[in-house]
Amino acid sequence: MMNDYMDYFNYISNLNAMPNNSQMINPNQMQTQAQNIVQNQMNSQTNTKGLAEPYEGFTRGNMFDNLYYEYKNYRSQELNPKNDKEYAKLLVQMYGFAAHDLGLYLDVNPNDTNAIRQRAEYIRMYNEALAQYENNYGPITQNSTMLEATPWAWDTKKWPWEGTK
Amino acid sequence: MWKYEKTLQYPINIKKKNPKLAKIIVTQYGGSQGELAAALRYLNQRYTMPDEKGRALLTDIGTEELNHVEMVSSIIYQLTKDATPEEMKAAGWEGHYAEHKTSLYPTDANGVPFTITYISTTGDPVADIMEDMAAEQKARAVYENIIDLTDDPDVIGPLLWLRQREIVHFNMFKELYEDYKRKGYDQKK
């Protein structure tokens, strides 16, 4: 029992190992990788029919083509990240949103295998984007390895409601 | 249980202070069709849903509504940050300043404090889900009214986004409602 637990503990510890400086991805490299994620995703033909690409779905706040309708002539806001940090954050929000919206659909359509597969793909991309952001810019979740360092990093960065001017 | 994530669901970056606009938008925080009422409505109704679909959907949409409470609060916070008493007075919001300075407090656009009587739980899943559909439509309508009164693109962007969420939620509830009608959950079987 104890051995099983220790194996599991070691396994998790390795997964969450704090990257050392040489492993840290520099922001420029990161943006390229982030763009690749989007590019790969846009090139993939695995999308469930009637489902928006994550960027389009996220910016308009609705992943489902058949449910989308605009108010008057208003168009949804384009999100133009001003730097690598904002770009990294956008990916986290975008994939998180895409997975969440599919999750709502699955709550009432629990046997849609395509939607389950698509959501799992978005979750994988979300996890990747989350790790990229947290390792470069600070914690979003309490599970972040950035919270293993001193001083405690949870309360040293700006809070979400502050915004950027 | 809930865990906090240090991010908004959708970005809010407002450049221009505007307490007059905040005075209107506050209703989507603490008004009858606001996000706080939505969150409490769904998170109270979920316990007595008859099956997994209802429990799952109300939990997940109720949770998302808490994100929207945070988004609307962020809009109000950014629109009133560092507002002077004179600016609050010019915006017709000196009553709020007197009671709360510029801190957050859930009221409607006329300053009426939030009340839990905005929501209902009946124990009848079909009646509850029908209420939720109506709530999403009313919240969509109020977002549209507010967009009509807004000329700042930094604010319109998030309001349009929140409006879409009402549409998605409405349709998910509608699907659940039709399923529950089919299953006869209003027949007290």
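Predicted model: local features only at pLDDT ≥ 70, side-chain atom pairs only at ≥ 80, totals over all residues.
Residues are numbered from 1 along each chain as its sequence is written, and chains are lettered from A and ligands numbered from 1 in the order in which they are written.

Stay with A:Lys72. Its phi is positive, about 45°, although A:Lys72 is not a glycine. The residue sits in the loop between helix 3 (54-60) and helix 4 of chain A. Helices here are DSSP runs of H or I with at least four residues, strands are runs of E with at least two, and both are numbered from the N terminus.

Now take chain A as a whole. Its secondary structure is five helices and zero strands. Along the sequence the pattern reads α-α-α-α-α. Chain A has 165 residues, and 27% of them are buried. Two residues are in contact if their C-beta atoms, placed from the backbone, lie within 7 Å. Among the contacts in chain A with a separation of 6 or more, 56% join residues 24 or more positions apart.

How many residues of helix 4 of chain A are buried? The count is 20 of 25, so this helix is mostly covered. Its length also checks out.

Next, its partner within the chain. Two packed helices are described by the angle between their axes and the distance between the axes. Axes are lines fitted to C-alpha atoms, for helices over the stretch in contact, with angles from 0 to 180 degrees between N-to-C directions. Helix 4 (residues 84-108) and helix 5 (residues 113-137) of chain A have axes that come within 8 Å and cross at roughly 155°. Angles under 35 degrees count as roughly parallel, over 145 as roughly antiparallel, 65 to 115 as roughly perpendicular and the rest as oblique. Helix 4 and helix 5 of chain A are therefore roughly antiparallel. Their crossing is left-handed, meaning that the near helix is turned anticlockwise from the far one by less than a right angle; clockwise would be right-handed. By class, this contact of helix 4 with helix 5 of chain A has 19 nonpolar, five polar and three charged residues. Ala, Val, Leu, Ile, Met, Phe, Trp, Tyr, Cys and Pro count as nonpolar, Asp, Glu, Lys and Arg as charged, and the others, Gly among them, as polar. In the segment after helix 5 of chain A lies A:Pro151. A cis peptide bond links A:Thr150 to A:Pro151, with omega about 0°.

Helix 4 of chain A also reaches chain B. It packs against helix 8 of chain B at an angle of about 10°, with the axes 9 Å apart. These two helices are therefore roughly parallel. From helix 4 of chain A, the contact uses A:Asp101, A:Leu104, A:Tyr105 and A:Val108; from helix 8 of chain B, it uses B:Val168, B:Met172, B:Glu175, B:Leu176 and B:Asp179. That makes six nonpolar, no polar and three charged residues.

Step back to the whole contact between the chains. Chain B brings 39 residues and chain A brings 30 residues. On the chain B side, helix 4 (52-80), helix 7 (125-148) and helix 8 (153-182) each supply at least two residues. Which helix of chain B gives the most to the side that touches chain A? Helix 8 of chain B does, with 14 residues. This side of chain B divides into 17 nonpolar, nine polar and 13 charged residues.

Finish in the loops of chain B. B:Asp82 lies between helix 4 and helix 5 (85-90) of chain B. Its phi is positive, near 60°, in a residue other than glycine. B:Asp82 is exposed, with 7 other C-beta atoms within 10 Å. B:Thr117 lies in the loop between helix 6 (94-100) and helix 7 of chain B. B:Thr117 is exposed too, with 8 such atoms within 10 Å. B:Thr117 and B:Glu99 are 18 residues apart in sequence and 23 Å apart in space, C-alpha to C-alpha.

Methods:
Buried ≥ 20, exposed ≤ 12 C-beta atoms within 10 Å, placed from the backbone.
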